[in-house]
Amino acid sequence: MLEKMDDFFEKRLSIYDEHMLTEIEGAREFYKFTASLLPKQSKVAVLDLGCGTGLELEQYFALNPDAFVTGIDLTKGMLDALKAKFPEKNLKLICGSYFDIDFGVGIFDSAVSVESLHHFTKERKLSLYKKLLNSLKADGYFVLTDYFAESEELEREYFETLEKLKKEQGINDNEFYHYDTPLTVENEIMVLKNAGFKSVEILKNWGATYTLLAKR
């Protein structure tokens, strides 16, 4: 049975960190690599989309302990766990959907998202990335580490299966349900460029998980 996104992660909070670090190929490396790409200057402002319990922030605060981080996540339990990890850090935590929250204009030096955005359509991502682009400073950039579909056929299959399951279970609302629907990396790059990012580069991959650097 499909579960609402926040309920899914709330129920699995106690095992989340261990699962992410041990069950996903290359996770211990890609969290560290992603953090290494974020700005190192003192007092920079970073936006984390789908911050969860902050596995990437554990690595980032070790490199830049004075950074100001705004973290957004649907699951209150995740944010509580993150706050407990870093009670003295410059953290602003927002419980809600990053599709609905106003990021502001020209606020952030950088943005990051790790293993969060593989649940959404091109259309939703396009509007999100346009909003994200506007929230970045003139020389800002976005680091995306996520897993991607191996082909367009698989991409279509994921979305079709989700719609089939929703229909079978009588779900007809616009809530987010946990079911992975990754785009291909090529389609993700296309959406980022269509949103206005001037360049998008593949930096590294671990199996199906890639790190992309999108520059404003």
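Visitor: So helices (H or I, at least four residues) and strands (E, at least two) are DSSP runs, numbered from the N terminus; where is Lys43 found, then?

Guide: Lys43 sits in the loop between H3 and E1. This is a predicted model, where local features need pLDDT of at least 70 and side-chain atom pairs pLDDT 80 or more, while totals for chains, interfaces and linings use all residues. Residues are numbered from 1 along each chain as its sequence is written, and side-chain values use heavy atoms, leaving out hydrogens and water.

Visitor: Thanks! What is phi like at Lys43?

Guide: Its phi is near 65°, a positive value, and Lys43 is not a glycine. Glu115 also has a positive phi, of about 50°, without being a glycine.

Visitor: Where is Glu115, and is it buried or exposed?

Guide: Look in the loop between E4 and helix H6 (122-135). Glu115 counts as buried because its relative accessibility is 9%; buried means under 20% relative accessible area and exposed over 50%, with partly exposed in between (1.4 Å probe, protein chains only).

Visitor: Let's go back to H3. Which of its residues are buried?

Guide: In helix H3, which spans residues 27-36, they are Ala27, Phe30, Tyr31, Thr34 and Ala35.

Visitor: Why are they on the same side of H3?

Guide: Because they cover an arc of only 135° around the axis, taking the directions from the helix axis to the C-beta atoms. The face turned away from that buried side carries the exposed residues Arg28 and Lys32.

Visitor: And what do the buried residues of H3 pack against?

Guide: Their partners, in contact (heavy atoms within 4.5 Å), include helix H2 (13-23), helix H4 (55-63) and strand E5 (136-147). E4 is one of the partners too.

Visitor: Switching to E1: how many of its residues are buried?

Guide: Five of the five residues in strand E1 (residues 45-49) are buried. Ala45, Leu47 and Leu49 point one way from the strand, while Val46 and Asp48 point the other way.

Visitor: Which strands does E1 pair with?

Guide: Pairing takes at least two DSSP bridges between two strands. E1 runs parallel to strand E2 (residues 68-73) over five bridges, with Asp48 partnered by Gly71. E1 and E4 are also parallel, over three bridges, and here Val46 stands opposite Ser110.

Visitor: What about Ser113 in E4?

Guide: Ser113 belongs to strand E4, residues 108-114, and counts as buried because its relative accessibility is 0%. Leaving aside residues up to four places away in sequence, Ser113 touches Asp48, Leu49, Phe142, Val143, Leu144 and Thr145.
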